[in-house]
Amino acid sequence: MEVSKDVTSTHGPFCTEEHLLSLSFSPSEDTFLYSAEAHDPATNPVGEDIDQYERFQYTPTFGEGFSGKKRPTLYVLRWPSTAAGLVTHESVTLTSLAASSPKVLFAQAVLAADNRVFATGYEYMDSGRLLGPIWCCNRPAAVWELRLPDVNAETAQELTVVSRLSPDNRSARSAHVSPDGSFVIWLSNPVGGAHSSCATMHAMELRSGDQRLVVDTIWEPRDSDGFPGLYEPVLPSHTFISIKNTTYIVSSSHWGSRTTLLLISVAEVKELTPADSSLFSWTLLGTDSRNRIICARSAPSVPDEVVLGEIGDDLSVSWQVLSRPTLKAEVQKQLSTLDALIVAVPNRSPVETVLLRKKLAPASTPCICMPHGGPHGTTTTAFSPASAALALAGYTCALVNYTGSLGFGETYIRKLLGQCGTLDVQDCIGSVNHLIAEGISERGHGKQFVYGGSHGGFLAAHLIGQYPDTFTAASMRNPVISCGEISTTDIPDWYFFEFGLQYDSRTIMTPDKYAALFAASPISHVDKVKAKVLLLMGLVDLRVAPTNAIGYYHALKGRGKVVEMLAFPKDSHPLDGVETARICWESTRDWFDLARE
């Protein structure tokens, strides 16, 4: 322990979310930079020296997944030592760093020198709105170079802005300084449009200020190596390695229906974990800045393992499994009965379905179509306890990566824009029909089900509305049902861009826009629904307004349809609380079991 400081009265909770996290030491290790939530005037006791109206001033939050975060602030802790090498209490200072512009909130900060900082600046729109960044890589945001104030004081000091490194039309983030301090890298995506897309990687030499593009947008996979592009919201805290005096970046990324590890240099991008029969998906956890990397990997029937990779001078990798989960013998035996494969859907390239079922399962096994959310996400071959448990419960799980999924090139992401509710639905029903044609599943009562959340719930509702004679039952988690219902969402722009409409600070819902969104919504097909519907809803969802599920429930109920809804008062969009996740899974299994009878 060199120094400690009680910060209880200085600021609120530390920012630990990956979009806001700052945790950086200076090279001299006597300066520490971090992010925390500034105190909210609304929580100050009555009678303190504060304007009474300020306590009730509306301030936008970062939305879903950020626990009310709305004032992320950088703080610098300094402890210059004495000539004797001792740190005196009087020399320790903690300073809050104010942004020079009220329209920018700085986070993800890293120190490149004792006072040289690179940070992500999240920007308010002209309307004063702060768009939710979680799962969205198209936010108004930039990478900035800043200077710390020279004054060591306990009072707030202003950051000096040196330059904005990224242009207005790119959403930049996740700056990392190389271990030798020679350059800084960051990621960026286009502002607006698709909410996630193929990322580019940029670098700047710290001495000269020269910038270069390290990884470009890949529109379609390259013929030479199949590389489909880089798809990462943020880089891990330790991402660099050094081989024969050459610095490389290691990153996880989508590659079709898998996640893989990439070794990135200015000259090339090399895949470290190519696909094999095991169907492992990989995630980088960190590096030692030299030649070793720590990863997690899993497969549809293999829970996460921790793996050490050692990269040789020839860039080959030797792997050592450090840890496997301890499973009961019966659990291990059951998992060994599962079979997984990736099925390409003919005439709908690059659509793929990750199929998980018991080995030698007959075609009479009920099949669950499981489209992912987003829509710009991907269902990978990583282990999913929910999917594995459904397969062990006697179902074939068909996890569809429809057009718009990540990992197949930017062309197929943008192809979905303006076609949500048509192209993605057609891809899903195309997967269903292909599995039937291949003898993997069958038509008929109790043979086809659909299960999805968010945009996956949107697709589930569309499928039972547009193809009412195909599906016997559906389960939907916080589904998008009426695309004109944007009252409490933290991403109102999603409902415009994804459906081919424009959005800016002046955009409001008009009758014409609502009509277009209604026509693309599942609610427009509610009269045709025949399937039995289970709705699972988080009452504090900030991403999809709970009124979507509530309205659908009453619309179905009023038409004499079979529908039930479970509402979770303390859960938001993911419905991932321990008890909530269990109830959602068990209720879905029970719902489908009853529908098979």
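**Questions on a predicted model**

Colleague: How many of the 12 residues of H5 are buried?

Modeller: A residue counts as buried under 20% relative accessible area, as exposed over 50%, and as partly exposed in between (1.4 Å probe, protein chains only). The buried residues of H5 include His455, Phe458, Leu463 and Gly465. H5 is largely enclosed by the rest of the structure, because the count of its buried residues is 11 of the 12.

Colleague: What kind of model is this?

Modeller: Residues are numbered from 1 along each chain as its sequence is written, and side-chain values use heavy atoms, with hydrogens and water left out. Local features need pLDDT of at least 70, side-chain atom pairs count only at pLDDT 80 or more, totals for chains, interfaces and linings use all residues, and the model is predicted.

Colleague: How far apart are the end C-alpha atoms of helix H5?

Modeller: Helices (H or I, at least four residues) and strands (E, at least two) are DSSP runs, numbered from the N terminus. The expected span of a helix is 1.5 Å times one less than its number of residues. For the 12 residues of H5 (residues 455-466) this should give 16 Å, and the distance between the end C-alpha atoms agrees, at 16 Å.

Colleague: What is the volume of the largest cavity?

Modeller: Rolling a probe the size of a water molecule over the atoms shows where empty space is left. On a 1 Å grid over the protein atoms alone, a cavity is a set of points where a 1.4 Å probe fits but cannot get out; a pocket is an open set with protein on both sides within 12 Å along at least five of seven lines, and lining residues have an atom within 4 Å of a point. Grid points are joined across faces, edges and corners, and a volume is the space filled by probe spheres set on the points. The search of the whole structure finds 2 cavities of 30 Å³ or more, and the volume of the largest is about 40 Å³.

Colleague: How many charged residues does the lining of the largest cavity have?

Modeller: Ala, Val, Leu, Ile, Met, Phe, Trp, Tyr, Cys and Pro count as nonpolar, Asp, Glu, Lys and Arg as charged, and the others, Gly among them, as polar. The lining consists of Phe62, Tyr122, Glu123, Leu130, Leu131, Arg139 and Pro140. By class it has 5 nonpolar residues, no polar ones, and a charged count of 2.

Colleague: Which residues are closest to the centre of the second largest pocket?

Modeller: The second largest pocket has a volume of about 800 Å³. Of the 29 residues that line this pocket, the closest to its centre are Leu23, Val110, His176, Ser237 and His238.

Colleague: Which elements give two or more residues to the lining of the second largest pocket?

Modeller: By class, this lining has 15 nonpolar, 13 polar and 1 charged residues. The elements that give two or more residues to it are strands E1 (23-25), E5 (104-111) and E10 (170-177).

Colleague: What is omega for the peptide bond from Ser349 to Pro350?

Modeller: Most residues other than glycine have a negative phi, and most peptide bonds are trans. Pro350 lies in the loop between strand E22 (338-344) and strand E23 (352-358), and Pro350 is also one of the residues that line the second largest cavity. The bond from Ser349 to Pro350 is cis, with omega near 10°.

Colleague: Is Asn347 buried or exposed?

Modeller: Asn347 lies in the loop between E22 and E23. Although Asn347 is not a glycine, its phi is positive, at about 65°. With a relative accessible area of 82%, Asn347 is exposed.

Colleague: What is the relative accessible area of Trp135?

Modeller: Trp135 lies in the loop between strand E6 (116-123) and strand E7 (141-147). Trp135 also has a positive phi of about 65° and is not a glycine. Trp135 is partly exposed, and its relative accessible area is 48%.
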